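Open the model in your viewer and keep the sequence panel beside it. Each stop below says what to select and what to look for.

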Amino acid sequence: MGTGENSRDGTVKKAVKELKIIAGVVPELSDLGTVTALSTARYIHHMRGLKELTFLSAALGSAFVVTYNQYLKPLTEDDQKGAAMDKPSQDRKQVDNEDGKLGEAAALVHEFTKPIFQNGRFENPWETWKKPSFKRFLKFAFVEKNESNVPSKEVLDQTLPIIKPDIQQFETSPVCGVRMMWIGHATVVAQLDGITVMTDPVFSSRAAPMQWLGPKRYRDPPCTIEELPRIDVVVISHNHYDHLDHGSVVALNKRFGKDLQWFVPMGLKKWMNDTGCENVVEMTWWDEHEVKGSSGVRVACTPCQHWCKRSATDDNKVLWSSWCVLGPRHSFHFSGDTGYCRGFKEIGRKYGPFTAAAIPIGAYNPRWFMMPQHVNPKEAVDIHQDIGSKNSIGIHWGTFVLTYEPYLEPKELLGAEIESRKLSPCEFVTVAHGAIEVFGDDKYNSVD
């Protein structure tokens, strides 16, 4: 091999290494958890002109340009694995993966499936799980067409209105039902049996490690952290930036201090303590803990199908989970961030039925890439029925552009799925940002 080829080879290898380091995806990327990578990739993808690439090269390093030419152009041809993954939800069990055997073995040992933990990292025990490769992430970021088509603010004010909430409604817990307010994405305030719970608080402008790069909100929170009602409990599903926001955690801790109880999956307590949070309970699937100062309300850590990453080398050192809040009269389920798995049937068997639930319905396309980690509306209804929820709201949509489905499609497909199953249109709904509704009381008839 000539000197020129050696030099080119070295440049390409260096480019790939630098791309992975900057994107935070060493040794490989499995999802949208490293949101900076996605934003940078899309930016490069849409700036292919020589002038723009020259500017980008100066800003982020010539490694990106070399990587694009060497690695991304060949990805325009679909590979066989990608085609195999592009299945409707009813075929999801046919997804090829080696962890399926582990999942089956775990189910035999435990009536309620536990996560796998080996070599200091967690693994999904589900046969429905598949870990996408870095190559497939590049194909997703550069080749797939983004059809989200988010319109102007003026249009959004009509299609996705933000309602200024009447926070005083939370001064008294409802006698019957669960009061809920959707802040946006996976952030919900739920009140039941005398306590108020918040899920995955994210109030920042961007779902990213820095506020100048990464997915930007196109719908603002309906209120600030200072305007929130008293929050007794926060549950965190996992450590991806669109679910665990440093700025929001700091602000909540500053306002409520040690009176606020944080419930987090295994491996996340140190991060919470380092951020200043004192009252942190770390749990694994099927653990339960009574809320301090409550009238017998328990929080249960429950399964889901996802993964964790927050830096270049911490893949799956933190567990992911859904959560159940179990009061003496009412119950609430938060599905977290998840692909479909049989864990939800187990949750329904152990803790169901639920008065109310918050279940993700968005960030699901393209299915060949997103299916293992994000449910679509059809699978969301599967979860709704698996856990025995009497009333559910759709979350994880309408706030950030993380994937490529049209921005209103999650709401539209959810309505179509509810109709096709002949369920009540009030049983699983979407709500406006900031809307406050009580679910599970006899007076509830409609939302949105």
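## First stop: a strand pair

Select strand β3 (residues 178–184) and strand β4 (residues 187–192): they run antiparallel and are joined by 5 bridges. Strands here are DSSP runs of E with at least two residues, helices are DSSP runs of H or I with at least four residues, and both are numbered from the N terminus. Two strands pair if DSSP finds at least two bridges between them. Within this pair, arginine 179 stands opposite glutamine 191 in β4.

A note on what is on screen: this is a predicted model, in which local features need pLDDT of at least 70 and side-chain atom pairs count only at pLDDT 80 or more, while totals for chains, interfaces and linings use all residues. Residues are numbered from 1 along each chain as its sequence is written, and side-chain values use heavy atoms, with hydrogens and water left out.

## The sheet around that pair

β3 and β4 belong to an open sheet of 7 strands with mixed pairing, in the order β8-β7-β6-β5-β4-β3-β16. At its edges are β8 (280–283) and β16 (436–439), each of which pairs on one side only. From one strand to the next, the twist averages 20°. Axes are lines fitted to C-alpha atoms, for helices over the stretch in contact, and angles run from 0 to 180 degrees between N-to-C directions.

## A second sheet

Select β9 through β15. These 7 strands form an open sheet in the order β9-β10-β11-β12-β13-β14-β15, again with mixed pairing. β9 (288–290) and β15 (428–429) are the edge strands with a single partner each, so one side of each has no neighbour in the sheet.

At one end, zoom in on β14 (residues 392–395), which runs parallel to β15 and is joined to it by 2 bridges. Serine 392 has phenylalanine 428 in β15 as its bridge partner.

Next, select β11 (322–326).

On one side, β10 pairs with β11 in the antiparallel sense over 5 bridges, and valine 299 stands opposite valine 325. β11 and β12 also run antiparallel, joined by 4 bridges, and the partner of valine 325 in β12 is phenylalanine 332. To get from β11 to β12, follow the hairpin of 4 residues.

Select α11 (residues 343–351), which lies across β9, β10 (298–302), β11 and β12 (331–334) and runs at about 10° to β11.

Move to helix α7 (residues 134–142), where 8 of the 9 residues are buried, so the helix is largely enclosed by the rest of the structure. The buried residues are Phe134, Arg136, Phe137, Leu138, Lys139, Phe140, Ala141 and Phe142.

## Single residues

Select cysteine 341, which is buried with a relative accessible area of 0%. A search of the whole structure finds 0 disulfides (cysteine sulfur pairs within 2.5 Å).

Finish at glycine 293, in the loop between β9 and β10. Glycine 293 is exposed, with a relative accessible area of 84%. Glycine 194 is 99 residues from glycine 293 in sequence and 9.9 Å from it in space, C-alpha to C-alpha.

## Zooming out

Show everything again: the protein has 14 helices and 16 strands. Of its 448 residues, 58% count as buried.

Notes
Buried < 20%, exposed > 50% of the residue type's maximum accessible area, 1.4 Å probe, protein only. Contact = heavy atoms within 4.5 Å.
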